[in-house]
Amino acid sequence: MEYSPGLKYGYGIFETLFFNGDLEDFDRHMKRLNKALLSLNMNPVDTNEIYNRSMSELKNSHHNAIRVSVYQGNHQVITYETRFTEYKPFYRVRFSEIIRHSSEPLLQIKTSSHLSYYLEKKSLETVDEAIHFNEKGHLTEGIYTNIFFVKDGVFYTPAIECGILPGIYRQKVVETLKNIGIPLKIGYYNREDIESADEVFMTNALIKIMPVRELEGKIFQENLYTKLLIKEML
């Protein structure tokens with residue numbers, strides 16, 4: 001069998017794109033993909049080829065998302081996996097016992113070495129997501145999501161330096177809030193900060209903006225600011 005560091009070590013990068021008649025935010029995803037590939041000494045991909053192959057795969061399925069993975073080996077390999085993402089009106093969330101380390105460079109790119117993420121997601125049972133903190137006690141992100149919370153009309157989200165993935169939809173939320181003049185603070189927050197929040201929501205390319213209804217037994221009833229943001233970004 002041919003030696004493959006992609007298979008042996010999870011040496012690869014992936015992007016998951018939402019399909020709604022077209023591939024949403026395709027250029028942003030490809031820019032991040034090629035930047036990550038270069039950071040791991042891999043070759044950039046032909047984005048036109050990725051687009052055409054992805055559209056072909058999706059049109060032959062009944063799915064609404066596709067994962068494009070690029071693996072390192074004697075020859076760089078690209079795989080395509082279509083999937084269906086179900087709509088949910090809200091998430092129930094708990095705090096994770098797993099500590100993220102802010103200095104881990106792989107947290108800021110979408111590597112294929114995601115076994116720990118997969119196993120934690122499978123273990124959730126009665127909730128939809130888990131919120132992580134880093135070694136300094138700072139709020140970071142979910143298993144597959146970025147986190148925002150609202151308090152007294154101000155939006156908050158952890159800084160990338162906390163050890164998070166700079167999500168495509170996270171950046172779109174940041175840009176939207178700035179454009180419409182809603183106060184946003186990006187920084188370092190702890191468990192008490194998010195526990196005392198008025199609203200919490202999570203983001204990624206597939207779920208867009210997902211309101212959190214319950215966090216460790218605390219119920220968020222209205223999510224008024226979250227709903228306004230969802231309406232603004234439709």
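**Notebook: strands, loops and a few single residues**

Entry 1, strand E5. I looked at which way the side chains point: Glu129, Ile131 and Phe133 go one way from E5, Ala130, His132 and Asn134 go the other way, and all are buried. I note here that the model is predicted. I then asked how many of the residues of E5 are buried. The count is 6 of the 6 residues of the strand, which covers residues 129-134, so E5 is largely enclosed by the rest of the structure.

Next I looked for the partner of E5. Strand E4, residues 91-100, pairs with E5 in the parallel sense, and the pairing has 5 bridges. Arg100 stands opposite Asn134 of E5. I also followed the chain around this pair: E4, helix H4 (residues 115-122) and E5 make up a β-α-β unit, and the unit is right-handed. For my own reference, strands of a sheet pair through backbone hydrogen bonds, either parallel or antiparallel.

Entry 2, the sheet of E1, E2 and E3. I wrote down the order of this open sheet as E1-E2-E3, with 3 strands and antiparallel pairing. Which strands stand at the edges? They are E1 (12-18) and E3 (77-83); each has a single partner strand, so one side of each is left without a neighbour in the sheet. Neighbouring strands here are turned by 15 degrees against each other on average, with direction ignored.

I checked the link between E1 and E2 and found 7 bridges in an antiparallel run. Leu17 has Ile66 as its bridge partner in E2. Helix H2, residues 26-39, packs on the sheet and touches E1 and E2; the direction of H2 makes about 175 degrees with that of E1. Helix H3 lies across E2 and E3 and runs at about 35 degrees to E3.

Is Asn64 buried or exposed? Its relative accessible area is 13%, and the cut-off for buried is under 20%, so Asn64 counts as buried. I listed what Asn64 is in contact with, leaving aside neighbours within four places in sequence: Leu17, Phe18, Phe19, Arg83, Phe84 and Thr85. Leu17 came up in my previous entry as the bridge partner of Ile66.

With a relative accessible area of 44%, Asp46 is partly exposed. The side chain of Asp46 has a polar atom 3.0 Å from the backbone nitrogen of Asn48. I also took a distance across the model: Asp46 and Ser123 are 37 Å apart in space, C-alpha to C-alpha, and 77 residues apart in sequence.

Most residues other than glycine have a negative phi. Asp152 lies in the loop between strand E6 (146-151) and strand E7 (154-158). Its relative accessibility is 67%, so Asp152 counts as exposed.

Asn223 also went on my list, with a positive phi of about 55 degrees although it is not a glycine. Asn223 belongs to the loop between strand E11 (218-219) and H7. Asn223 is buried, at a relative accessible area of 6%.

I placed Thr226 in helix H7, which covers residues 224-233. How buried is Thr226? The relative accessible area is 0%, so the residue counts as buried. Not counting residues up to four places away in sequence, Thr226 touches Glu199, Phe201, Ile209 and Pro211. With Glu199 there is a polar contact, side chain to side chain, at 2.7 Å.

I counted 7 helices and 11 strands. Buried residues make up 50% of the 234 residues. The C-alpha trace spans about 55 × 40 × 35 Å along its principal axes. I compared the radius of gyration with what a compact globule of 234 residues would have: the globule would be near 17 Å, and the protein has 18 Å, which agrees. Last, I looked at contacts between residues at least 6 apart in sequence, and 65% of them join residues at least 24 apart.

Note on methods
Residues numbered from 1 in each chain as written. Predicted model: local features only at pLDDT ≥ 70, side-chain atom pairs only at ≥ 80, totals over all residues. Heavy atoms only, no water. Helix = DSSP H or I, 4+ residues; strand = E, 2+ residues; numbered from the N terminus. Buried < 20%, exposed > 50% of the residue type's maximum accessible area, 1.4 Å probe, protein only. Polar contact = N/O pair within 3.5 Å; in protein donor to acceptor, adjacent residues only side chain to side chain. Contact = heavy atoms within 4.5 Å. Pairing = 2+ DSSP bridges. Right-handed = clockwise from strand over helix to strand, strands pointing away. Axes fitted to C-alpha atoms, helices over the stretch in contact; angles between N-to-C directions. Rg over C-alpha atoms; globule rule 2.2 N^0.38 Å.
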